[in-house]
Amino acid sequence: MSNPFVRIVEPLDPKQPLKKFFNLSKLEDVRYARLPFSIRVLLEAAIRNCDEFLVKTGDVENILNWKVVQHKNVEVPFKPARVILQDFTGVPAVVDFAAMRDAVKKLGGDPEKINPICPADLVIDHSIQVDFNRRADSLQKNQDLEFERNKERFEFLKWGSQAFKNMRIIPPGSGIIHQVNLEYLARVVMDQDGYYYPDSVVGTDSHTTMIDGLGVLGWGVGGIEAEAVMLGQPISMVLPEVVGYKLLGNPQPLVTSTDIVLTITKHLRQVGVVGKFVEFFGPGVAQLSIADRATIANMCPEYGATAAYFPVDDISIGYLIQTGRDKEKVMCTKKYLEAVGMLRDFKNSSQDPDFTQVVELDLHTVVPCCSGPKRPQDKVAVSDMKNDFETCLGAKQGFKGFQIAPDRHDTIVKFNFEGCDFELAHGSVVIAAITSCTNTSNPSVMLGAGLLAKKAVEAGLTVKPYIKTSLSPGSGVVTYYLRESGVMTYLSQLGFDVVGYGCMTCIGNSGPLPESVVEAITQGDLVAVGVLSGNRNFEGRVHPNTRANYLASPPLVIAYAIAGTIRIDFEKEPLGINASGKKIFLKDIWPTRNEIQAVERQFVIPGMFKEVYQKIETVNKSWNALDAPSDKLYTWNPKSTYIKSPPFFDGLTLALQTPKTIEDAYVLLSFGDSVTTDHISPAGNIARNSPAARYLTSRGLTPREFNSYGSRRGNDAVMARGTFANIRLVNKFIDKQGPQTVHFPSGETLDVFDAAERYKQAGHPLIVLAGKEYGAGSSRDWAAKGPFLLGVKAVLAESYERIHRSNLVGMGVIPLQYLPGEDAGTLGLTGRERYTIVIPEKLKPQMKVQIKLDTGKTFHAIMRFDTDVELTYFHNGGILNYMIRKMAS
């Protein structure tokens, strides 16, 4: 191979033949040594897959001076080593693949060219719900109901695993995608095709960044972008800025990794890191376990960065051995990283790279905290929780306000549950869930929760029976060490039985609350509370009846469950009073760091990981028994309400259509800041009075059979109706929360879908107005597919979250951004105008386009196609259309 950036080295493993690896430049080149480690991995992947482009343009040589060129929009074609998917995003991806095969065949091409080139692992973890809890058979009953509800989806996925090469399915009940990736799938260094090279991954889930904690560069992308990557298309990205996050000091004894990540999330939201890499360095990193680092990397989407990278060090190598990876391969991994200068010593400051910007955190300053009540970045110290919540009660409706009248702050509603009388008030905890890969991947916080439960039970404390408690681990390894260490019994006594291996409450699959609890909340218009060890608490996500939701560490989830309310000062008020009349305070039962570490050393051992993962693909008998068709083209069932051939490729021809000016568009919705993908395309409950519910009812289904929006992402008819269907949606055209808008030609207030249908039938294009951080949250491609199907041609926002902007590009929806210093307010936009967006014949990245209003006003906005490749996708009507034409021709 003639690439001057390939180096031949002595075999790293004497038993293997000579291996080659890629290196950007001679190791003596001081410029290479100054590159952030995340940039090194990014460019190694670019050279390995796209060396001709980089060598031809000389960009590699230039990028060694990356601090100079990073502000000049240098494009890097990044091809990750792997793709991972979960079932909520995986089902629509496989639906698209099946539909693309049909489209390629119609255009005269070979349909089997639509096949993953890049290895893909799909973990089924989003379908299981907390229907049963607080009983020994909860796990089995929830898993049985999961299969009853989702059998058709699972059969479709099993067809996909057989019809497509390079696609592996990890069956339901195995764990959460990112924890399985961390503990099992991740290689750190790839060893294939005669080369060693760094492991890298993109995933159809925003928390793919969790793997960055192990030194694998990865981030979330939309399903449509992942599909293109699977088909061999590189991700064209502008070389990112890298913020160096320096960690100093040691955490205090009572502080958990959850407290650290919530602190970092608030800090980096203030710094502003959207579209940037964050790379951690400094001596404080050496104080963190890989599970701690993975927790911090997992919540990268919550602070808005593209990646949150921890380079590989000796602790990473030790983790690979602890989790049962082959020791010889691990030693080869270490030798390779040493050979290319990519094994990090965080205590050696001479290895510190050049960063765009450096910010610092002294770990000793972190205090126990939660985040809420509506956003992950709104951190609250535990000592301030009571006062903060009471302030939120009366504050104006918003991220930190519920606008409850002062005379109603002390409202109490009495109710009966299972023959006993109880009371609910504002701040009462009704959901307490230890859930999400963010925390269940971390033995220190899980064992901490178990030890706290043990001490609580021994002190005579209990959890009120109406509180919906649950434990949904990210892998079977967690149950293994909780059981072996003896704490599982105590967790069960407090109601935290294992209810399933999946995301569950974290993604809104929290299941129903008791009817009497719902009636009490509704009667008193109460701000009821969910406390969860998850990563997101956006409005309407966790449960329709919990208006306040707080992210907390697993031990704190149990503490608030015991207290039964968020309105408690743990330092001054007892958790409870036992049968002997003794007041028990949180400090009395909180385990010390030494206690936790001693149990972890004894019980979290390699044998557990090996035993769990060696049977992961065959352990689920229900999955094994599924009978899936073997045809290469999928036979669509017109009666299905789960799997439907999408309309995205209807009428597609080989010839390109010239993009046209958008004329006299109506505004479908007008938003403020922080509109999330949960607002745009909810994943959870299908409300009984919604357009989606009416559609399913017309197909003969009862409300019990509705399942969730997430489970129905293989059916565009449901998902279009579910777009902007979040019950907490705040649309400036409407004076209350809800999924409605004004249809301006008639003046009627309608459900969003119904209004969009009226516009579409009349031939009117639509746009959406928004503020800052539009599209924050999950990577769900339906947050772009749905608006596309509603007839939305463009979005005009102050700023975008990275993944959602990419998804809009992938669907051919134009992301427009106000000029700096301008917004709807400064321009005097009401949203009631009609908008003409002038699209020039010749387009270039990030060009300004003219927008004309029917009022006579004219202004300009930036068209956020950031690269030439993105413009190519736009000319094709989206990334999938581009891939179909490419495969067909």
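User: Is Phe649 buried or exposed?
Analyst: This is a predicted model. In it, Phe649 has a relative accessible area of 8%, under the 20% cut-off, so Phe649 is buried.

User: And Phe648, buried or exposed?
Analyst: Phe648 has 11% relative accessibility, so Phe648 counts as buried.

User: How many aromatic pairs does the structure hold?
Analyst: There are 30 aromatic pairs. One of them is stacked: the ring centres of Phe156 and Trp159 lie 5.7 Å apart, with the planes at 25 degrees.

User: Why is that one stacked?
Analyst: Planes under 30 degrees apart count as stacked, and the angle between Phe156 and Trp159 is 25 degrees, so the pair falls in that class.

User: What about Phe648 and Phe649, how do those rings sit?
Analyst: Phe648 and Phe649 make an edge-to-face pair, with 6.3 Å centre to centre and 75 degrees between the planes.

User: Back to Phe156 and Trp159. Where are they in the fold?
Analyst: Both belong to helix α6, residues 138-163, and they are three residues apart, so about one helical turn separates them. An α-helix has 3.6 residues a turn, so residues three or four places apart point the same way. Phe156 and Trp159 are both buried.

User: Which residues do ring pairs link with them into a cluster?
Analyst: The cluster joined by ring pairs consists of Phe97, Phe156, Trp159, Phe164, Tyr634 and Trp636.

User: Which charged side chains lie over a ring face?
Analyst: Arg712 lies over the face of Tyr642, at 3.9 Å from the ring centre. Lys587 is placed over the face of Phe585, at 5.9 Å from the ring centre.

User: Switching to the core. How many residues are in the largest nonpolar one?
Analyst: The largest nonpolar core has 288 residues, and Phe280, Tyr560 and Tyr774 have the most contacts inside it. Helix α5, residues 87-106, gives the largest share of this core, 11 residues. Apart from that core lies another, of 11 residues, including Ala693, Leu696, Leu701 and Tyr709.

User: What does Tyr774 touch, leaving out residues up to four places away in sequence?
Analyst: Counted that way, Tyr774 touches Phe671, Val675, Ile680, Phe724, Val768, Val795, Ala797, Ser799, Tyr800, Glu801 and His804.

User: How many cavities of 30 Å³ or more?
Analyst: The count comes to eight. The largest cavity holds about 210 Å³ of space.

User: Which residues line that one?
Analyst: The largest cavity is lined by 25 residues, and His126, Asp205, His207, Ile507 and Arg541 are the closest to its centre. Helices α5 and α7 (177-185) each supply at least two residues of the lining.

User: How many residues of α10 are buried?
Analyst: Nine of its nine residues are buried, and the helix spans residues 290-298. Among them are Asp292, Arg293 and Asn298.

User: Now the backbone. Where is the cis peptide bond at Pro373?
Analyst: The bond from Gly372 to Pro373 is cis, with omega near 10 degrees. Pro373 is in the loop between β16 (369-371) and β17 (379-381). Most residues other than glycine have a negative phi, and most peptide bonds are trans.

Technical notes:
Residues are numbered from 1 along each chain as its sequence is written. This is a predicted model: local features need pLDDT of at least 70, side-chain atom pairs count only at pLDDT 80 or more; totals for chains, interfaces and linings use all residues. Side-chain values use heavy atoms; hydrogens and water are left out. Rings of Phe, Tyr and Trp (its six-membered ring) pair if their centres lie within 6.5 Å; planes under 30 degrees apart count as stacked, over 60 as edge-to-face and the rest as tilted. Helices (H or I, at least four residues) and strands (E, at least two) are DSSP runs, numbered from the N terminus. Buried means under 20% relative accessible area, exposed over 50%, partly exposed in between (1.4 Å probe, protein chains only). A charge sits over a ring if NZ of Lys or CZ of Arg is within 6 Å of the ring centre and within 35 degrees of the ring normal. A nonpolar core is a set of buried Ala, Val, Leu, Ile, Met, Phe, Trp, Tyr and Cys residues joined through side-chain atoms within 4.5 Å. Contact means heavy atoms within 4.5 Å. On a 1 Å grid over the protein atoms alone, a cavity is a set of points where a 1.4 Å probe fits but cannot get out, and a pocket is an open set with protein on both sides within 12 Å along at least five of seven lines; lining residues have an atom within 4 Å of a point. Grid points are joined across faces, edges and corners, and a volume is the space filled by probe spheres set on the points.
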